[in-house]
Amino acid sequence: MSLDLDALERLAAAATPGPWRIAGTATIRAGRDSYITGVYWQNREANAAFIAASREAVPELITALRASQAENARLAAELARLTAAPEGEVVAWRIEFTLG
């Protein structure tokens, strides 16, 4: 599955600002006067809790995933550089990394 982080970020930015909270058993609100939605199907309390928590969690998860992807790209580039280096340089790096 491929996530479109830009699209998710646009959706989060367009939604009512958070934090969202549960009022009653399955009504989601933002602030005192802003009604978001009611949840009226099976497992409604758990579903409402998930929806409310997602308002703050989704932007944080996007940020964390982008940071992880950037770190992964940095490490992949470093690995490519090290595996292309002469053997002595790789050994020296391994010793420095282990001791350093």
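Mentor: Gladly! Arg66 has a relative accessibility of 29%, so Arg66 counts as partly exposed; buried means under 20% relative accessible area, exposed over 50%, and partly exposed in between, with a 1.4 Å probe and protein chains only. This is a predicted model, where local features need pLDDT of at least 70 and side-chain atom pairs count only at pLDDT 80 or more, while totals for chains, interfaces and linings use all residues. Residues are numbered from 1 along each chain as its sequence is written, and side-chain values use heavy atoms, leaving out hydrogens and water.

Trainee: What makes the contact of Arg66 and Glu9 a salt bridge?

Mentor: A salt bridge needs a side-chain nitrogen of Lys or Arg within 4 Å of a carboxyl oxygen of Asp or Glu. The N to O distance for Arg66 and Glu9 is 2.9 Å, so the pair qualifies. This pair links distant parts of the chain, with Arg66 in helix 2 and Glu9 in helix 1, 57 residues apart. Helices here are DSSP runs of H or I with at least four residues, strands are runs of E with at least two, and both are numbered from the N terminus.

Trainee: Why is Glu9 called partly exposed?

Mentor: Its relative accessibility is 36%, so Glu9 falls in that class too.
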